[in-house]
Amino acid sequence: MGWEEKRVHGYGEFAETAQRCHGRPIFALFCGDKDAAGRSWCPDCVTAEPIVRKELHNMPDGSVFIYCLVGDRAYWKDPNNEFRKNLKLTGVPTLLKYGTPQKLVEEECFKAELVRMLFTED
Amino acid sequence: VAKATPPANLTSGNAQKLQEGTCKLQKLLEMNGHMQVPHSYDFDLIVIGGGSGGLAAAKEAAKYDKKVMVLDFVTPTPLGTSWGLGGTCVNVGCIPKKLMHQAALLGQALQDSRKFGWQFTEEVKHNWMAMTESVQNYIGSLNWGYRVALREKKVTYENAYGEFVRPHTVKATNKRGIEKLYTAKRFLIATGERPRYLGIPGDKEYCISSDDLFSLPYCPGKTLVVGASYVALECAGFLAGLGLDVTVMVRSILLRGFDQDIANKIGEYMEEHGINFIKQFVPIKVEQIEEGTPGRLKVTAQSTVGDQIIEGEYNTVLLAIGRDACTRKIGLDKVGVKINEKTGKIPVNDEEQTNVPYIYAIGDILQDKLELTPVAIQAGRLLVQRLYAGATIKCDYVNVPTTVFTPLEYGACGYSEESAVEKFGEENIEVYHSYFWPLEWTVPSRDNNKCYAKIICNIQDNERVIGFHVLGPNAGEVTQGFAAAIKCGMTKAQLDNTIGIHPVCAEIFTTLSVTKRSG
């Protein structure tokens, strides 16, 4: 059965997608937006993404991996943005298991071992 | 073992090492009767128990680049409750207890707030599920935090039940029943305790313990708390503070081991604030009247001083009659570790070493030591520093401050009045005391004669303060600083010379003048 990826942009799309996938294990990676040339304003996100992607095969069968671009740098810096308010995100990149307190923030996402632990922990 | 003549092609240094190693091996084999002895162990240290003590020790050992493993496993309660990494304190002890105590205090604060001008028309109600969800969410983040911390510090962790099978070897069994063997040079037992049951019909089927309470998926309703321990009184206290009908059934005295003068004041306060006490009775039978969440239970109890039998109906029965050390099913007999057969506790020397030199123990399982998280953490860290960093400091178990989070909080450090009298003689101690009225309680007209401060001084030693007791709000915060002063040997004169902070509860300690002796 494997897993599937959903790409979303902004909080509204994220919330809607997570709702639709209710009942399945949901993992989400939040990153800064990429410009027309595909460059992100968030250098840590650039580092983390390939490391996370390499471990995706460890997710349990039936999982959903939501790849969410949060917005531009100005939006992210706003202390009242929806991600900070509703999901209590404190930094990007953040990798989390939706609906649980399990998450990895910023440099924690660089460590393959921790990413693997998040995907396989029950 | 083959004769110790090294092959010709080794360097002289390595040849010497091989010779020494083989001789050591020979000696070990002789000692252990020719059993299989590994040349090297899987780990430098295996910690059995991932609670306050175990995790602190494991993380400290990793700092010195030792190869460490932590085995943590929670045997589910009779009702099936379990929890994650972190031990009792984090999951079913200090943390959820303090949060729920805070929930109850906030309820009281909401009542007080009207007198301070806050106006709200609806009556204030409490939602058990909302509180429990928040508390469990926070605990979940702590469990996860420990997982990440261990992984980052390269400590091997397995969610498996550890037990000794032979010297230097443990068997780890995970929840699927899969067994693995691991060896280590040294072991640290930090398995803690679990709530005791009464041993009466219906106790395991229908009663809950503190292990179940903090994640109970329904409001407990009308509750009978059995026991007079701080666990019993703290739980009874916050349940009542959340608006539930609470009764406490006590066999004899309250808070055994604590200053009894204060223990009685705590009990009186709880009684005056709506908690029922049934004294000198023990339950003999618990039956289910109706299933449900919660259901209805019938409790039959017998007097301890006569023939009287009473019955009562409750939604929930919470047993808090004591805790038993988890030392009887971890194979200690296989490695010769002596335990106190009656209590299950492990006697250790002042370096936390058991009678088996390579096996150590810390935390609640220790005989004659205070069962507190900070004590276990300190003991664990210092032990590891002595083992791997050449340190010599031993854990100081004297003058450890504590706080009981009953509705009227109690902070203490040092001797109780009765133990001071026993040790020094009544004529050699001076007890200074005073009631006080917190400023915050004046406006809402709360009790003006319940909060209480007491210090015990050693007359023969410059009136050194040897006992500190405070009954009042924020008792823990008040006591912490005084514990440091007591460690420095503060005398009554030094205390009197300290200028108070105004207006706070703690300032009473700087102006104590009335003694118990003066009547």
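Residues 400-511 of chain B are 28% helix and 29% strand. The model is a predicted one. An unreviewed UniProt entry gives residues 400-511 of chain B the feature "domain: Pyridine nucleotide-disulphide oxidoreductase dimerisation".

An unreviewed UniProt entry also marks His502(B) as "active site". His502(B) sits in the segment after helix H15 (492-497) of chain B. Is His502(B) buried or exposed? Its relative accessibility is 66%, so His502(B) counts as exposed; the cut-off for that class is over 50%.

**Cysteines**

How many disulfides does a search of the whole structure find? The count over all chains is 1. Cys42(A) and Cys45(A) form a disulfide, with an S to S distance of 2.3 Å. The torsion about their S-S bond is about 80 degrees, so this disulfide is right-handed. Cys42(A) and Cys45(A) are both buried.

In chain B, Cys395(B) has its closest cysteine sulfur in Cys413(B). The two sulfurs are 14 Å apart, which is too far for a bond. A disulfide needs sulfur atoms within 2.5 Å. Cys413(B) is in no disulfide either; its nearest cysteine sulfur belongs to Cys488(B), 11 Å away. Cys395(B) is buried, at a relative accessible area of 10%. Cys413(B) is also buried, at 1% relative accessibility.

| Cysteine | Cysteine sulfur at the distance given | S to S distance |
|---|---|---|
| Cys42(A) | Cys45(A) | 2.3 Å |
| Cys395(B) | Cys413(B) | 14 Å |
| Cys413(B) | Cys488(B) | 11 Å |

**A helix pair in chain B**

Two packed helices are described by the angle between their axes and the distance between the axes. Helix H4 (residues 94-113) of chain B packs against helix H5 (residues 128-152) of chain B at an angle of about 145 degrees. Their axes are 10 Å apart. The crossing of H4(B) and H5(B) is right-handed.

Which residues of H4(B) and H5(B) make the contact? H4(B) contributes Ile95(B), Pro96(B), Leu99(B), Met100(B) and Ala103(B). H5(B) contributes Trp128(B), Met131(B), Thr132(B), Val135(B), Tyr138(B), Ile139(B) and Leu142(B). By class, the contact of H4(B) with H5(B) holds 11 nonpolar residues and 1 polar residue, and no charged ones.

Key. Residues numbered from 1 in each chain as written. Chains lettered and ligands numbered in written order. Predicted model: local features only at pLDDT ≥ 70, side-chain atom pairs only at ≥ 80, totals over all residues. Heavy atoms only, no water. Buried < 20%, exposed > 50% of the residue type's maximum accessible area, 1.4 Å probe, protein only. Axes fitted to C-alpha atoms, helices over the stretch in contact; angles between N-to-C directions. Helix = DSSP H or I, 4+ residues; strand = E, 2+ residues; numbered from the N terminus. Left-handed = near helix turned anticlockwise from the far one by under 90°. Contact = heavy atoms within 4.5 Å. Nonpolar A, V, L, I, M, F, W, Y, C, P; charged D, E, K, R; others polar. UniProt positions renumbered as here; feature names shortened; annotations may be inferred.
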